[in-house]
Amino acid sequence: MTYDANNQEASAKLEEIAGFYEEIQKQKEENYVKAMNAGVAAAGRNDFAEARIQFDLALTYKPDDSTAKQRLSELSQMENMRYAAIEKEYSELIVKADAQ
């Protein structure tokens with residue numbers, strides 16, 4: 001099958017398809033930005049589960065995005081720090097309770 005550049009109907013269809021593709025790409029970018037913003041907001045509220053969901057969602061729109069991957073890495077570090085602080089507080093409370 002070959003493309004006939006002089007065929008107006010074929011050219012019109014190609015332009016229509018190109019328009020659809022452009023609209024899809026625009027929507028993917030908007031969805032990516034929304035997911036990233038929601039992830040940052042959730043992380044700011046210490047809602048790590050929601051942040052992870054949003055950053056993972058962003059990666060569905062841009063699978064190789066280094067920013068979303070970096071945010072997930074930072075999120076893991078924040079979670080680890082939070083868990084370490086909780087464990088430390090728990091241990092201190094146990095020691096305090098045993099001393100009484």
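Predicted model: local features only at pLDDT ≥ 70, side-chain atom pairs only at ≥ 80, totals over all residues.

Q: At what angle do α2 and α3 pack, and how far apart are their axes?
A: The angle between α2 and α3 is about 165 degrees, and their axes are 9 Å apart. Because an angle over 145 degrees counts as roughly antiparallel, α2 is roughly antiparallel to α3. The crossing of α2 and α3 is left-handed.

Q: Why give both an angle and a distance?
A: Two packed helices are described by the angle between their axes and by the distance between those axes, so both values belong in the answer.

Q: OK, and is Phe48 buried or exposed?
A: Phe48, which lies in helix α2, counts as buried, because its relative accessibility is 6% and the cut-off for buried is under 20%. Leaving aside neighbours within four places in sequence, Phe48 is in contact with Ala43, Leu75, Met78, Glu79 and Arg82.

Q: How far is Phe48 from Arg71 in space?
A: From C-alpha to C-alpha, Phe48 and Arg71 are 11 Å apart in space, while in sequence they are separated by 23 residues.

Q: Let's switch to α1 and α2. Which residues meet there?
A: On the α1 side they are Lys28, Asn31, Tyr32, Ala35, Met36, Ala38, Gly39, Val40, Ala42 and Ala43, and on the α2 side they are Phe48, Glu50, Ala51, Gln54, Phe55, Leu57, Ala58 and Tyr61. Sorted by class, the residues of the contact of α1 with α2 are 13 nonpolar, 3 polar and 2 charged.

Q: And the geometry of α1 and α2?
A: Their axes are 8 Å apart, and the helices α1 and α2 pack at an angle of about 160 degrees, so α1 and α2 are roughly antiparallel to each other. The crossing of α1 and α2 is left-handed.

Q: Gln54 is in that list. Is it buried or exposed?
A: Gln54 is buried, with a relative accessible area of 12%, and its place is in helix α2, which covers residues 48–61. Not counting residues up to four places away in sequence, Gln54 touches Ala35, Ala38 and Gly39.

Q: What about Lys28, from the α1 side?
A: Lys28 lies in helix α1 and counts as partly exposed, at 33% relative accessibility. Lys28 and Asn7 are 21 residues apart in sequence, and their C-alpha atoms are 32 Å apart in space.

Q: What sits in the loop between α1 and α2?
A: Asn46 has its place in that loop between α1 and α2, and Asn46 has a positive phi of about 60 degrees although it is not a glycine. Most residues other than glycine have a negative phi. Asn46 is partly exposed, with a relative accessible area of 45%.

Q: Last topic, then: how many residues are in the largest nonpolar core?
A: The largest nonpolar core has 13 residues, and those with the most contacts inside it are Met36, Ala51, Phe55, Ala58, Ala68, Leu72 and Leu75. Each of α1 (8–44), α2 and α3 (66–99) supplies at least two residues of this core. As general background, nonpolar side chains in soluble globular proteins tend to be buried together.

Q: Which residues does Ala58 contact?
A: If its neighbours within four places in sequence are left aside, Ala58 is in contact with Tyr32, Ala35, Met36 and Ala68.

How values were computed
Residues numbered from 1 in each chain as written. Heavy atoms only, no water. Helix = DSSP H or I, 4+ residues; strand = E, 2+ residues; numbered from the N terminus. Buried < 20%, exposed > 50% of the residue type's maximum accessible area, 1.4 Å probe, protein only. Contact = heavy atoms within 4.5 Å. Core = buried A, V, L, I, M, F, W, Y, C linked by side-chain atoms within 4.5 Å. Axes fitted to C-alpha atoms, helices over the stretch in contact; angles between N-to-C directions. Parallel < 35°, antiparallel > 145°, perpendicular 65-115°, else oblique. Left-handed = near helix turned anticlockwise from the far one by under 90°. Nonpolar A, V, L, I, M, F, W, Y, C, P; charged D, E, K, R; others polar.
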